[in-house]
Amino acid sequence: MTGAVCPGSFDPLTRGHLFVIEQCAQRFSELVVTVVVNPAKQGMFTIDERVELIEQCTAHLPGVRVDRWEGLLVDYLARNDYSTIVKGLRSSVDFEYEVPMAQMNRDLAGIETFFLLTEPQWAHVSSSLVKEVAKLGGDVAPFLPEPVYSAVAAKVGR
Ligand code: PNS
């Protein structure tokens, strides 16, 4: 297979995200992890911080690079000459959320979306839940790559 784009908010990257990225890196000769900016959403991490953390956590993966984008995702793919999106699925809840976007991206620009199941151990892990637990003093170390864990700990004052 050739190149693919793995888009997301990544606020922040979790071990579930990293599992998907690692699996895709083995199967696509080139994988771009693209942090998509949502100007309406104030995250825990700036876009620069998210990009930097993903770069640190994927440095061991040949063929993976990190980018950022604000706007329609299909425009990003067209501009960079990609036609495939890859996304992780944790459960049927993700499926319900992802299918309309995948269909829309196909209608808009003929972009296909490939889905990869996360490992069951990460099925309950989301960036938002991890942030909530961390803010309330819970231990989120098992759910985050080490550089991300340190960054979250610093954000919540630990
Ligand atoms: O990690 P997330 O928040 O589930 O990622 C969702 C994301 C950013 C990939 C999705 O919202 C997206 O593609 N946003 C870019 C704007 C866009 O193209 N919207 C139309 C989608 S059909």
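Two aromatic pairs turn up in this predicted model. A pair of aromatic rings is described by the distance of the centres and the angle of the planes. For Phe28 and Phe114, the ring centres lie 6.4 Å apart and the planes meet at 50 degrees, so this pair is tilted. It bridges distant parts of the chain, as the two residues are 86 positions apart. Phe28 sits in the loop between helix H1 (15–27) and strand E2 (30–36), while Phe114 belongs to strand E5 (residues 112–117).

The protein chain has six helices and five strands, and read from the N terminus their order is β-α-β-α-β-α-β-α-β-α-α. How does the radius of gyration of the protein chain fit a compact globule? A globule of 158 residues would come out near 15 Å, and the chain has 15 Å, so the two agree. Along the principal axes, the C-alpha trace covers about 45 × 30 × 30 Å. Of the contacts between residues at least 6 apart in sequence, 73% join residues at least 24 apart.

The surface can be summed up in a few values. Buried residues account for 44% of the 158 in the chain. The accessible surface is about 8500 Å², and carbon and sulfur atoms hold 54% of that area. The chain carries 14 positive and 20 negative charges, whose mean positions lie 4 Å apart.

Phe10 has a positive phi of about 50 degrees although it is not a glycine, and at 4% relative accessibility Phe10 is buried.

Asp81 is another non-glycine residue with a positive phi, here near 65 degrees. Its place is the loop between helix H3 (73–79) and strand E4 (84–89). Is Asp81 buried or exposed? With a relative accessible area of 71%, Asp81 is exposed, because the cut-off for that class is over 50%.

Here are the positive phi values side by side:

| Residue | Phi |
|---|---|
| Phe10 | about 50 degrees |
| Asp81 | near 65 degrees |
| Gly157 | about 75 degrees |

Which residues of helix H6 (residues 146–155) are buried? They are Val148, Ala151, Val152 and Ala153. These buried residues pack against H2 and helix H5 (127–135). An α-helix has 3.6 residues a turn, so residues three or four places apart point the same way.

Two further positions round out the picture. Gly43 is in the loop between E2 and helix H2 (47–58) and is partly exposed at 23% relative accessibility. Leaving aside residues up to four places away in sequence, Gly43 touches Asp11 and Arg50. From Gly43 to Arg90, 47 residues along the chain, the C-alpha atoms are separated by 22 Å. Val99, in helix H4 (residues 92–109), is partly exposed with 27% relative accessibility. Val99 and Phe115 are 16 residues apart in sequence, and their C-alpha atoms are 9.9 Å apart in space.

Key. Residues numbered from 1 in each chain as written. Predicted model: local features only at pLDDT ≥ 70, side-chain atom pairs only at ≥ 80, totals over all residues. Heavy atoms only, no water. Helix = DSSP H or I, 4+ residues; strand = E, 2+ residues; numbered from the N terminus. Rg over C-alpha atoms; globule rule 2.2 N^0.38 Å. Buried < 20%, exposed > 50% of the residue type's maximum accessible area, 1.4 Å probe, protein only. Contact = heavy atoms within 4.5 Å. Areas by Shrake-Rupley, 256 points an atom, 1.4 Å probe, with all protein chains shown as cover. Lys, Arg positive; Asp, Glu negative; His and termini not counted. Charge placed at Lys NZ, Arg CZ, Asp CG, Glu CD. Phe/Tyr/Trp six-rings, centres within 6.5 Å; stacked < 30°, edge-to-face > 60°.
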